[in-house]
Amino acid sequence: MTKIISFANQKGGVGKSTICLQSAFYLVEAGHRVLVIDLDPQGNTSSRLAQDESGNEIEFSGTTTADLFRYGLGEIPVMSCPRGMDLIWTTKNDPVLSEIESLDLECALLPSENLKASRLLDCYDYVLIDCPPSLGRKLIAALVLSTHVLCPVQVSGFAVDGVEGLLNTIISVQSELNPQLENTGIVINNLNRNFQTHMEARQQLIDAVPDLIYATEIGVRGKLDEATNKGIPVWCIKTSSGRAAAKDVRAVIEELIEKVG
Ligand SMILES: Nc1ncnc2c1ncn2[C@@H]1O[C@H](COP(=O)(O)OP(=O)(O)OP(=O)(O)O)[C@@H](O)[C@H]1O
Ligand SMILES: [Mg+2]
């Protein structure tokens, strides 16, 4: 059965796109058939995946994420990316995708209906959905469609404050729209173990929802930032700091794969 995994948190900059992108690289390298759906109108994941091995941009083709919100879409052609995954893409700052937030709540069901009608997802082992930083229609659309969700969280600033709202959103989707949705849990990202505030916020999270915290964590890893911005797997950076970043990321991805079965 196809595993459909959303990377979700309404907070911006917590690592949704980073973990989604690196998971896509990992799963393709492991020989799986992977589709990425970029539900974030910022289009960061699309632009990273639409690059050839030398970093040159390739032309976008196939269905856009905004198209998925049309009634009776029909066939859904996808874009093949140079690194081996397929993509349903969004342009940078796509106004159509942004405006979906002003439509009726029912519009959140359309991507799932269109994708099911086309049977496209049956062609993949994994579908990875990069969610936007909001608790709106697009996040609901992703969660309605998903079998699993992973929530990256940062323990700096006020980032932990939003976790309750996110978990409640997941619970309400599970009870009202998608009983099959499984929350794989919370990944602590960008953790600096030397910062007392980080370690306190981390402990607060563990105490609040012990069963939901991933055993693996990602530290502050400059090479992960570099790899993600270049659109390459972090394990392609063959320095000691690249290897340390890759070790963190791989551990999280392997824990995710184990959880989704
Ligand atoms: N562990 C990490 N160490 C260092 N930099 C990181 C780490 N995780 C993510 N980053 C960097 O932080 C920035 C934000 O990450 P990312 O884009 O993945 O977050 P996001 O949750 O998708 O944000 P948005 O909500 O805006 O889409 C990026 O520049 C990314 O490279
Ligand atoms: Mg993002």
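## Contacts and overall form

A contact means heavy atoms within 4.5 Å. In this predicted model, residues 24 or more positions apart account for 78% of the protein's contacts with a separation of 6 or more.

The protein has nine helices and seven strands (DSSP runs numbered from the N terminus: helices are H or I with at least four residues, strands are E with at least two). Its radius of gyration, taken over C-alpha atoms, is 17 Å, close to the 18 Å of the globule rule (2.2 Å times the number of residues to the power 0.38) for 261 residues, so the protein is as compact as a globular protein of that length. Of the 261 residues, 55% count as buried (under 20% relative accessible area, with a 1.4 Å probe and protein chains only).

## Strand E1

Strand E1 covers residues 3–7, and five of its five residues are buried. Lys 3, Ile 5 and Phe 7 point one way from E1, while Ile 4 and Ser 6 point the other way.

Two strands pair if DSSP finds at least two bridges between them. E1 runs parallel to strand E5 (residues 126–130), joined by five bridges, and Ile 5 stands opposite Leu 128 there. With strand E6 (residues 148–154), E1 pairs in the parallel sense over three bridges; Val 149 is the bridge partner of Ser 6.

## Ser 112

Ser 112 lies in helix H4 (residues 110–118). Ser 112 counts as buried because its relative accessibility is 5%. Leaving out residues up to four places away in sequence, Ser 112 touches Val 144 and Leu 145.

## Basis of the values

Residues are numbered from 1 along each chain as its sequence is written, and chains are lettered from A and ligands numbered from 1 in the order in which they are written. Local features need pLDDT of at least 70, side-chain atom pairs count only at pLDDT 80 or more, and totals for chains, interfaces and linings use all residues, while side-chain values use heavy atoms, without hydrogens and water.

Notes
Buried < 20%, exposed > 50% of the residue type's maximum accessible area, 1.4 Å probe, protein only.
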